[in-house]
Amino acid sequence: MSAIPLATESADPHPHDLRAPVPDRLPGAVVRELSAIDPARALGAVAVEWAGIVAAILLAELARAYVPAAVWLYPLVVVWIGARQHALTVIGHDAVHHRFLPDRRWNDWVADLFVLWPVFVTVEGFRKFHGEHHQHLGVEGDGNRFLWRTHHPDGTLRPEWIYPKTPLGFAAKVLRRAAFFTGVFWMLRGVVGSLLFARSAAARLARLAWWGAVITTFTLTDTWGALLVYWIVPYCTWHLAIQYIRLACEHSAVPSAHPAYGQTRTTIPHVWERWLILPRNIGYHLEHHWYPAVPCYRLPDLHAALMAKPGFRDRAVVTHSVAASVAQMVGR
């Protein structure tokens, strides 16, 4: 008998399956169907996010040239691009779980080049810690304890992750994340990590060549200022803020006495929240932890299948807005 209890009775195991019992098991055939990779949808999602980024930059540049008084537009562009950067990490998150492209080599290379390297992450580095987060959710060995520094070495939560907080305390943590310095640290950590955790010498050389091409391009085109304004500022502000909000919504102060349901909540966002805070179905988080083989575009279908099971329907912590999830985490 397998030492890792499977999330289904007959589905193929995934290397990131939770090493703890999953109470609401779906038939293996259902999970296999939901786990099917659709390359067109995956690549289309990447194209949509980059198109959104380019469109925002063009709009901002046109406004700067022809409507100088429209200074209010830039903060909106920062929010939009920061959210698109977050969406790219969600798509890259699928690649970390081998759910982006069917061929695993193409899965990693395409995700690195067009999705994760631009946001200072690598598939290999992300996978090293995120796989352990899935396998050891909430216990010793959870990769988030290193990646997000959620716990002290003795296993106790660090103050940043102790909930519930007061509304002011929560706002202070979000603002701290958005205060630029954390973003700079993430960028530096990402550059160093991309070399330390490279899956091969070829990947390390490719990463160095990629950075060389980036530096050369922005130097020859004299567009370092545009990189700062349209990429680094959104990354170090809104992107970092919503990353923290997302992770807190996923794992903090989940109001459930049942261990299998109390590790994470599902947040189904409003339409505007879906574009600006929780993109690409990342809010379906309990479902994702139980079935990491399901790609992000099929998570709503997985949620529907689980909601048909009385145990999940009665016990899962599901909110229908980011505000509702935050309300469970802050004192009144």
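Let's start with C296: its sulfur sits 18 Å from the closest cysteine sulfur, the one in C249, and that is too far for a bond. A disulfide here means a pair of cysteine sulfur atoms within 2.5 Å, and the structure holds 0 of them. C296 is buried, with a relative accessible area of 10%. By buried I mean under 20% relative accessible area; exposed is over 50%, and partly exposed is in between, with a 1.4 Å probe and protein chains only. Another cysteine, C236, counts as buried too, at 0% relative accessibility.

A word on what we are looking at. This is a predicted model, in which local features need pLDDT of at least 70 and side-chain atom pairs count only at pLDDT 80 or more, while totals for chains, interfaces and linings use all residues. Residues are numbered from 1 along each chain as its sequence is written, and side-chain values use heavy atoms, with hydrogens and water left out.

How confident is the predictor? pLDDT is its confidence in each residue, from 0 to 100. The protein averages 93, and 96% of the residues score at least 70. The exception I'd flag is residues 1-10, where pLDDT stays under 50. The model has 27 contacts for that stretch beyond four places in sequence, a contact being heavy atoms within 4.5 Å. Where pLDDT is low, the predicted coordinates should not be read in detail.

Now to the core. A nonpolar core is a set of buried Ala, Val, Leu, Ile, Met, Phe, Trp, Tyr and Cys residues joined through side-chain atoms within 4.5 Å. The largest one here has 81 residues, and those with the most contacts inside it are F100, F170, W231, Y235, W290, Y291 and L302. Helix α10 gives the largest share of this core, 14 residues.

What does W231 touch? Not counting residues up to four places away in sequence, its partners are W50, I53, I81, Q85, L88, P118, V119, F120 and A226.

Let's turn to helix α8, residues 181-196. The expected span of a helix is 1.5 Å times one less than its number of residues. For the 16 residues of α8 that gives 22 Å, and its end C-alpha atoms are 22 Å apart, which agrees. Its buried residues are T182, G183, W186, M187, G190, G193 and S194. They cover an arc of only 140° around the axis, so they are on the same side of α8; the arc is that of the directions from the helix axis to the C-beta atoms. On the other side, F181, L188 and L196 are exposed. And what do the buried residues pack against? They meet α7 (167-177), α9 (201-220) and α10 (224-251).

Helix α14, residues 299-307, has L299, L302, H303 and L306 buried. Seen down the axis of α14, these fall within an arc of 100°, so they line one face of the helix. An α-helix has 3.6 residues a turn, so residues three or four places apart point the same way. The cover over the buried residues of α14 includes α1, α13, α15 (310-315) and β2 (318-319).

Next, some backbone details. Most residues other than glycine have a negative phi, and most peptide bonds are trans. Y163 and P164 are joined by a cis peptide bond, with omega about 5°, and P164 is in the loop between α6 (144-147) and α7. F180 has a positive phi, near 80°. F180 lies in the loop between α7 and α8 and counts as partly exposed, at 27% relative accessibility. N281 also has a positive phi, of about 65°, and lies in the loop between α12 (271-276) and α13 (285-290).

That loop also holds L278, which is buried, with a relative accessible area of 3%. L278 and R246 are 32 residues apart in sequence and 6.8 Å apart in space, C-alpha to C-alpha. Beyond four places in sequence, L278 touches R246, T267, P269, E273, G283 and V322.

Last stop: A60, in helix α2. A60 is buried, with a relative accessible area of 9%. Leaving aside neighbours within four places in sequence, A60 is in contact with L73, V77 and Y230.

Notes:
Helices (H or I, at least four residues) and strands (E, at least two) are DSSP runs, numbered from the N terminus. pLDDT is the predictor's confidence in each residue, from 0 to 100.
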